[in-house]
Every structure is written in C-alpha cells, then in structure tokens.
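Here is a short briefing on one protein model. Keep the sequence and the 3D view side by side as you read.

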Amino acid sequence: MTYRVKTIFGPTLQGEGLHAGMPCVFLRLAGCNAWDGRPATRAASACPYCDTDFLGGDALTLADIFQRLSALTGPGQAATGRRHFGCVLSGGEPLLQADRALLEALGAAFPWVDVETNGTRLCPTRPANVFLSCSPKRLPHQDVVLEPDWWKVLIPDQERFLDHALASGKPVFVQPTCPDGGPSGAVYAANLARCLDLCLKRGCRLSLQIHKYLDIP
Ligand code: SF4
C-alpha cells in the first residue's frame with residue numbers, strides 16, 4: 001500500500017485557519033479532483049486561483065512517510081516531549097487518498113493534524129485531534145458533502161458557500177484570494193476589504209495566509 005506524495009516539508013508555520021501561526025510540518029498528497037493541474041486548463045477549472053503544484057509525486061508507504069516526517073521534526077517528537085509540531089495534511093485533495101490508517105498514524109504522532117480539503121469527499125473515521133478544514137469548491141457533479149470542523153471560504157471566488165457555512169454553526173474563516181500570487185495589488189486589496197466587511201457584518205473570522213506575508217513555504 002502506497003500513497004502518492006507530492007512533497008513533505010517543514011518545519012514551518014501553518015498559515016491558515018484555526019491553527020494559523022503554529023509550528024508544523026506539511027504532508028502534501030498529489031492529485032486533485034478540482035483541476036488536473038495543467039496550466040492550459042487552469043482558467044476553466046473550479047480553482048483558477050490555485051497556487052499549489054500537486055502533479056506527479058512519489059509512491060511512498062506509511063513507513064516511508066513517517067521516516068521523512070521524523071527527519072523534519074527530529075527523532076522521537078513524542079518521546080522527548082517536543083510535541084510542538086502539528087501536521088498539515090494537504091494536497092491537491094488529500095481525501096482522494098487519505099485512509100483510516102494514515103489518519104490514525106498522524107493523529108498518534110502529532111498533537112494536532114489539519115486535513116485541508118475541498119469538501120467533496122467524505123473522511124474516514126479519524127482521531128479527535130485530526131481536524132477537517134474545508135475550503136469548499138463547486139465542482140461539476142461533486143457536491144460539498146463534508147461537515148468540517150471549520151470552514152475557510154475564499155473571497156470573492158467561493159462566497160456562494162458563505163450562507164451554508166455560517167448556518168452550520170462552525171467557525172467560518174474568510175480568506176482573500178491573491179490573484180497576483182502574493183498578498184498585494186489592487187485586486188487583493190479589494191478582496192481583503194470584502195473580507196473585513198464580512199467579519200464585521202456577519203461574524204466571520206479573517207484568515208490571511210500568513211506564510212505569504214512571511215514569504216515562507
Ligand atoms: S481544490 Fe485546492 S488544490 Fe485542488 S485545484 Fe482547488 S485550490 Fe488547488
């Protein structure tokens with residue numbers, strides 16, 4: 001049994017959502033159901049703003065993955081009490097591949113795990129410290145079916161999901177898209193202003209992708 005892994009990197013900071021600002025390592029699985037990842041098809045995809053390379057990757061076993069994660073966190077994170085690194089399981093769409101074995105192993109090794117998903121796949125049974133962070137995307141014939149621990153709604157591109165997210169009673173982050181890559185430029189400023197408006201008028205929380213402000217991976 002192997003997983004197609006695009007990259008494993010860190011330590012860095014989680015830039016988004018409930019654990020923003022906390023130290024972590026990233027496990028990025030390859031492949032996505034929202035876009036095939038080719039530049040030629042980006043504009044017509046569900047996510048023309050996608051800033052992630054999820055093509056290719058290596059076939060790794062669970063043991064391979066944990067060997068690489070341990071090399072980043074230092075040996076025996078749990079044994080030494082240095083459990084300050086969380087783990088972000090991202091993609092692509094990680095729930096195309098993540099199974100119960102992977103989620104249980106990550107939950108046992110890290111104090112918290114964020115699964116960053118587009119919400120179109122159900123999640124296998126998971127430990128209580130494995131959280132679902134859903135940035136919902138509207139895909140042809142693939143509804144958002146997940147009930148996450150929090151929502152991360154991209155503004156303005158996915159604002160159509162805002163009412164649904166707020167009605168769930170879960171925390172709702174609004175995050176301005178960066179059409180120019182970084183958190184700068186007139187379009188970004190307008191998107192950020194819209195997010196601030198939604199925070200003040202509808203009780204959303206602001207998510208600013210702090211890794212982009214810090215220019216770290
Ligand atoms: S769901 Fe996420 S990773 Fe997939 S294409 Fe959209 S933004 Fe990119």
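Two strands pair if DSSP finds at least two bridges between them. Helices (H or I, at least four residues) and strands (E, at least two) are DSSP runs, numbered from the N terminus. T12 stands opposite C24 in β2.

This is a predicted model: local features need pLDDT of at least 70, side-chain atom pairs count only at pLDDT 80 or more, and totals for chains, interfaces and linings use all residues. Residues are numbered from 1 along each chain as its sequence is written.

**The sheet**

- Nine strands form an open sheet with mixed pairing, in the order β3-β1-β2-β4-β5-β6-β7-β8-β9.
- The edges are β3 (58-60) and β9 (205-206); each has a single partner strand, so one side of each is left without a neighbour in the sheet.
- Strands of a sheet pair through backbone hydrogen bonds, either parallel or antiparallel.
- β1 (residues 3-13) and β2 (residues 23-29) pair in the antiparallel sense, over six bridges.
- β4 and β5 run parallel, joined by three bridges.
- In this pair, V88 stands opposite D114 in β5.

**Helices on the sheet**

Contact here means that the C-beta atoms of two residues, placed from the backbone, lie within 7 Å. Axes are lines fitted to C-alpha atoms, for helices over the stretch in contact, and angles run from 0 to 180 degrees between N-to-C directions.

- Helix α2 (residues 100-109) lies across β1, β4 (86-90), β5 (113-117) and β6 (130-134), and runs at about 115° to β6.
- Helix α4 (residues 186-202) packs on the sheet too, touching β7 (150-155), β8 (172-176) and β9.
- The direction of α4 makes about 160° with that of β8.

**Buried parts**

A residue is buried if 20 or more other C-beta atoms lie within 10 Å of its own, exposed if 12 or fewer, and partly exposed in between; these C-beta atoms are placed from the backbone. A nonpolar core is a set of buried Ala, Val, Leu, Ile, Met, Phe, Trp, Tyr and Cys residues joined through C-beta atoms within 7 Å.

- The largest nonpolar core has 43 residues; C87, L89, L106, V113, V115, V153 and V174 touch the most other members.
- Beyond its neighbours within four places in sequence, V174 contacts several residues, including V153, I155, C195 and L198.
- β5 is mostly covered, with five of its five residues buried.
- V113, V115 and T117 point one way from β5, while D114 and E116 point the other way.
- In a regular strand the side chains alternate between the two faces of the sheet.

**A loop residue**

- R126 sits in the loop between β5 and β6.
- R126 counts as partly exposed because it has 18 C-beta neighbours inside 10 Å.

- Most residues other than glycine have a negative phi, and most peptide bonds are trans.
- The G91 to G92 peptide bond is cis, with omega near 10°, and G92 lies in the loop between β4 and α2.
- The I155 to P156 bond is also cis, with omega near 10°; P156 is in the loop between β7 and α3 (162-167).
- H141 is not a glycine, yet has a positive phi of about 60°.
- H141 lies in the loop between β6 and β7, and is exposed because it has 5 C-beta neighbours inside 10 Å.
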